[in-house]
Amino acid sequence: MRQFPRRRFVIDAAALLVAAVTLSSSVLADGGARDWPASGPAPVAIDVNSVPLPSFDLRDRSHVRFGQLEYRGGLILTSPFRRFGGLSGLRLDTDGNGFLAVSDKGHWFRGRLRYNGKALAGLSDVVAAPLLDDNGRTITLRGWYDSESLARDGGVAYVGLERVHQILRFDIGEDGLRARGTVVPAPAAMKRLPRNKGIEALVAVPRGRPLGGTLIAISERGLDRDGNIVAFLIGGPTPGQFAVRRTADYDISDATALPDGSVVLLERKFSLTGGAGIRIRRIRLDQIAPDALVDGPVIFEADLGYEIDNFEGIDAHVTPEGETVLTLVSDDNFFMLQRTLLVQFTLVGP
């Protein structure tokens, strides 16, 4: 039997425990995000350093197949820019090069991914800016800093604010990172979600597919009377509420649409008795409807024996060769024992 790396396990378990405590505190969550100028500065260029992750399996570097995913490569990201980190939402351009990310402290990050063949090699042309409200002031001045989810529909970006249960719409195609966020009308039930377990995943369904034009909003752990995860269909042809079956104590941390018309859910769990883990589930888009309870197969699962951290963002793109690539990013909670990881896998099927 392969031995588990004990030192790494202790460090990671401690990091995840402290992170769980940190995330439960609204006082600590601000973390200095309010010190942008009130009117919002122009986007600033920043440096982001990267260290390669040659293997995803800490015990066997030759192991590359994990469920229905095959490891392509990854990076550990750091930056001298003190607001870099806390990445909670990620969306890539269709070619997999350009990216837009949002941190849970109310910051945008935008730039490009560099590759060495198929493997990630680094980030370039990265800029940062604060999220602005409809008056052009930083959203943190209103106490809106827990920006946990991100979706894109062409030149429009949607950002979910977990603790205040708001979704903001930004016309970044027109105004870039200086875009002002306007509040999207939300279902009344969304306002009743637990304060720190609100909307954690947003998916803008492309037009021409089932639910085209709908914004899917899924809570982290807002539970219905049967213990399943509450989610919403906002706008589109059939607005309403549905549920995602909750199993094995996993919570939702993000979601994205795949080219084949399905949705993948990124999930995570942590407990003192059960340890930590992440997984990805695949849901058919045509299952999702008002009052539906949806579920799907697990296509990937990993524990602390692998290069995992607090993964909170996922997106998909298709390469020129026709491969579907999933990109995951982790939220380091601005805590020294956690890391900002960016990893990619090819979806290879059963």
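Which residue in S16 is the bridge partner of Phe 232? It is Gln 241.

First, the ground rules. This is a predicted model, so local features need pLDDT of at least 70 and side-chain atom pairs count only at pLDDT 80 or more, while totals for chains, interfaces and linings use all residues. Residues are numbered from 1 along each chain as its sequence is written, and side-chain values use heavy atoms, with hydrogens and water left out.

Strand names next. Helices (H or I, at least four residues) and strands (E, at least two) are DSSP runs, numbered from the N terminus. Two strands pair if DSSP finds at least two bridges between them.

Back to the sheet. It is open, with five strands in the order S13-S14-S15-S16-S20, and the pairing is mixed. Strand S13 (199-204) and strand S20 (293-294) stand at the edges, each with a single partner strand, so one side of each is left without a neighbour in the sheet.

Now look inside. Strand S15 (residues 229-234) and S16 pair in the antiparallel sense, over five bridges. Val 230 stands opposite Ala 243 in S16. S15 and S16 form a hairpin with five residues between them. In that turn, Gly 235 has a positive phi of about 70°. On to S20. S16 and S20 pair in the parallel sense over two bridges. Here Ala 243 has Leu 293 in S20 as its bridge partner.

Most residues other than glycine have a negative phi. Ala 248 has a positive phi, near 55°. Ala 248 lies in the loop between strand S16 (240-244) and strand S17 (251-257). Asp 249 is in the loop between S16 and S17 too, and its phi is also positive, near 65°.

Are these two buried or exposed? Cut-offs first: buried means under 20% relative accessible area, exposed over 50%, partly exposed in between (1.4 Å probe, protein chains only). Ala 248 is partly exposed, at 47%. Asp 249 is exposed, at 56%.

Next, another hairpin. S5 and strand S6 (residues 98-103) pair in the antiparallel sense over five bridges. Arg 91 has Leu 100 in S6 as its bridge partner. Five residues separate S5 and S6 in the hairpin, and Gly 96 in the turn has a positive phi of about 80°. How many residues of S5 are buried? Six of the six, so S5 is largely enclosed by the rest of the structure.

That brings us to cavities. On a 1 Å grid over the protein atoms alone, a cavity is a set of points where a 1.4 Å probe fits but cannot get out, and lining residues have an atom within 4 Å of a point. Grid points are joined across faces, edges and corners, and a volume is the space filled by probe spheres set on the points.

The whole structure has three cavities of 30 Å³ or more.

Last topic: aromatics. Rings of Phe, Tyr and Trp (its six-membered ring) pair if their centres lie within 6.5 Å; planes under 30 degrees apart count as stacked, over 60 as edge-to-face and the rest as tilted. The whole structure has twelve aromatic pairs. Phe 56 and Tyr 71 form a tilted one, 5.8 Å centre to centre with 35° between the planes. This pair links distant parts of the chain, 15 residues apart. Phe 56 counts as buried, at 0% relative accessibility. Tyr 71 counts as buried as well, at 10%.

Phe 81 and Phe 109 form an edge-to-face pair, 6.5 Å centre to centre and 80° between the planes. Phe 81 lies in the loop between S4 and strand S5 (87-92) and Phe 109 in strand S7 (residues 107-116), so the pair ties together parts 28 residues apart in sequence. Both Phe 81 and Phe 109 are buried.

Phe 56 and Tyr 71 also belong to one aromatic cluster, with Phe 66, Phe 300, Tyr 306 and Phe 345.

Definitions and conventions: On a 1 Å grid over the protein atoms alone, a cavity is a set of points where a 1.4 Å probe fits but cannot get out, and a pocket is an open set with protein on both sides within 12 Å along at least five of seven lines; lining residues have an atom within 4 Å of a point.
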